[in-house]
Amino acid sequence: MGGVSPAVRGALARIDGYLGLAASLFSMASFVPQVLKVWRDEDNRGVSRRMYVLTALGFALWIGYGIARGDAPIVLTNSVCFVLSVAVLARLVWLDTDRAKPH
């Protein structure tokens, strides 16, 4: 961006920040309906345990990447998503274990 004025560069940097913030908020919010479904409603129909294992591992790797880069927004966003995905996974295991017990 050699020929771009400082004002345009500053505006692009602000847009970049807003896009990153919006992406983070949507990523974190995307897990809330699933967390509510499995915790509040105890409904794990159609929820893939394998998918959540892979998702949690992916978020753990993103956290490591963010730490290595010293990028706090990447670490924070992926930490929240990691916790939410592990919450779903934990509840899936709990529900499966509870249903397997003789009543």
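Predicted model: local features only at pLDDT ≥ 70, side-chain atom pairs only at ≥ 80, totals over all residues.
Local features were considered at pLDDT of at least 70 and side-chain atom pairs only at pLDDT 80 or more, whereas totals for chains, interfaces and linings use all residues. Residues are numbered from 1 along each chain as its sequence is written, and side-chain values rest on heavy atoms, with hydrogens and water left out.

Rings of Phe, Tyr and Trp (its six-membered ring) were taken as paired if their centres lie within 6.5 Å, with planes under 30 degrees apart counted as stacked, over 60 as edge-to-face and the rest as tilted. By this rule, 4 aromatic pairs were found. In one of them, the ring centres of Phe-31 and Tyr-52 are 6.2 Å apart and the planes stand at 70°, so the pair is edge-to-face. Helices here are DSSP runs (H or I, at least four residues), numbered from the N terminus. Phe-59 lies in helix H3, 28 residues from Phe-31, and both residues are buried. Phe-31, Tyr-52 and Phe-59 together form one aromatic cluster.

A further ring contact involves the charged end of Arg-91, which sits over the ring of Trp-94 at 4.8 Å from its centre (the criterion being NZ of Lys or CZ of Arg within 6 Å of the ring centre and within 35 degrees of the ring normal).

In the backbone, Glu-42 has a phi near 50°, a positive value in a residue other than glycine. Glu-42 is located in the loop between H2 and H3 and is partly exposed, with a relative accessible area of 42%.

Pockets were defined on a 1 Å grid over the protein atoms alone, as open sets of points where a 1.4 Å probe fits, with protein on both sides within 12 Å along at least five of seven lines; lining residues have an atom within 4 Å of a point. The largest pocket has a volume of about 190 Å³, the volume being the space filled by probe spheres set on the points. Its lining includes Gly-20, Ser-24, Met-28, Pro-73 and Thr-77. H1 and helix H4 (72-100) each supply at least two lining residues, and the largest share, 6 residues, comes from H1. By class, the lining of the largest pocket holds 6 nonpolar, 5 polar and no charged residues (Ala, Val, Leu, Ile, Met, Phe, Trp, Tyr, Cys and Pro count as nonpolar, Asp, Glu, Lys and Arg as charged, and the others, Gly among them, as polar).

Terms used:
Buried < 20%, exposed > 50% of the residue type's maximum accessible area, 1.4 Å probe, protein only.
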